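Here is a short note for a colleague opening this structure for the first time. Please keep the model in view while reading.

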Amino acid sequence: MEFRAQKRALLVIYVAVLSILTTSTNGGTIVPIFIFGDSTMDVGTNNHVANCSSTANHPYNGIDYPGSQATGRYSNGLNTADSIVQLLGGYDLSPLPYLSLVEDGSNFTRGIFNGVNFASGGAGLGKLTVQQFATVQGNITALLGKSKGDRLLQKSMYIFSVGSNDIMEYYFTYPRIMTPEQFVINLTDTYAIHLKKLYSMGARKFGILSIPPIGCCPAARFASNGTCVNELNDLARACHASFESLTKNMSCTLEGFKYSLANTYNMTMSVITQKIGKHMFSFYIQRLTYSISVISLVSTVRFKDVVSACCADNSPFGLSECLKGVHLCKYRDDYLFWDKFHPTQKASKLAATVVVSSQDPAFVSPINFGSLRKA
């Protein structure tokens, strides 16, 4: 009797999984998306980390999220992970955090087939939680069988946004134990280890957001009397060039390896210099391949403030944490930065639009995330 009960339970799970794999919120077919990264992609991971010093599950974070809920996103609303998966299709929001699924053990097996978000605020390439994916991979192949499980993992998409914290830690650590050139090489080698580890577990499609101009965030400007910190930006640019060489090489040496590399440095600097609206509008008009809604979003984007934090104290540029009681700007869509490090919901949506749809190699290459998803 006990064996029959277990068999029935497994059958129920299998049917539920088949339902997930054949149905999505937009009526299409769901192929899971797995997300790795730092606080720009974290959708609540750190809520489940004991004694974590970096959390965003408190006001004013989430003030523009449905129900004004502070979910753990470092944003006034949706973050980059949410915005990208929405545009890729099949998702209303980012997949749930891995640790959330682990805590709710009853939903783990079903939940992982909707994708998983492993991103964590404060994470760097040296602390990336790729190993957690081994548990997900093991459960998928155990339930579907190796052949079907491998096929699903190969069709899935793996999105990365990480590296900013590594640069910040290097820049503000004295004495330095390596040159900037050695640092970039070491960081790239670490990235390669993570990508190859996932490849060995079945991953084939990698969407990578490189490092933005972190030298221009409010925290960096505060330390540099209002100007961008050139050394931080130089490191971000050098990392992008190195990541570009890495992914090109991996696509040539690893069978089936496909990738899209977003140049978030160029994207963000275009916004800061107020050029992206005009440039991207003319770009989309030339090709006439995108919807009116996408053209409208990119053509009208303007930020009145690209240097200060919307949610912070009244110090120049805003240096404090975003906590209830600090200064909160009234018009969040006027700001590029939500707090001293992170973008606003509007900025995240713009970035997602570009990485998913742009054909401009200055922003994303060799293909965009949308094309990678369909590849």
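The points below cover salt bridges and then one serine.

1. Basis. This is a predicted model, where local features need pLDDT of at least 70, side-chain atom pairs count only at pLDDT 80 or more, and totals for chains, interfaces and linings use all residues. Residues are numbered from 1 along each chain as its sequence is written, and side-chain values use heavy atoms, with hydrogens and water left out.

2. Salt bridges overall. The whole structure holds six salt bridges. The term means a side-chain nitrogen of Lys or Arg within 4 Å of a carboxyl oxygen of Asp or Glu. Some of them follow.

3. Arg-176 and Glu-231. These side chains form a salt bridge, at 2.6 Å from N to O. The pair links distant parts of the chain, 55 residues apart. Arg-176 sits in the loop between helix H7 (164–171) and helix H8 (180–200), while Glu-231 belongs to helix H10 (residues 230–253). Helices (H or I, at least four residues) and strands (E, at least two) are DSSP runs, numbered from the N terminus. Arg-176 is partly exposed at 27% relative accessible area. Glu-231 is also partly exposed, at 29%. On this scale, buried means under 20% relative accessible area, exposed means over 50%, and partly exposed lies in between (1.4 Å probe, protein chains only).

4. Arg-237 and Asp-234. Here the closest N and O atoms of the salt bridge are 2.4 Å apart. Both residues lie in helix H10, three residues apart, about one turn of the helix. Arg-237 is partly exposed at 38%. Asp-234 is partly exposed at 40%.

5. Lys-340 and Glu-321. This salt bridge has an N to O distance of 3.4 Å. Lys-340 is in the loop between strand S9 (335–337) and helix H14 (345–357), and Glu-321 is in the loop between strand S7 (311–312) and strand S8 (327–328), so the pair ties together parts 19 residues apart in sequence. Lys-340 is buried, at 15%, whereas Glu-321 is partly exposed, at 49%.

6. Ser-156. Is this residue buried or exposed? Ser-156 is buried, with 0% relative accessibility. Its place is the loop between helix H6 (146–155) and strand S3 (157–161). A polar atom of the Ser-156 side chain lies 2.7 Å from the backbone oxygen of Leu-152. Leaving aside residues up to four places away in sequence, Ser-156 touches Val-31, Pro-32, Phe-34 and Lys-205; touching means heavy atoms within 4.5 Å.

Notes:
Polar contact = N/O pair within 3.5 Å; in protein donor to acceptor, adjacent residues only side chain to side chain.
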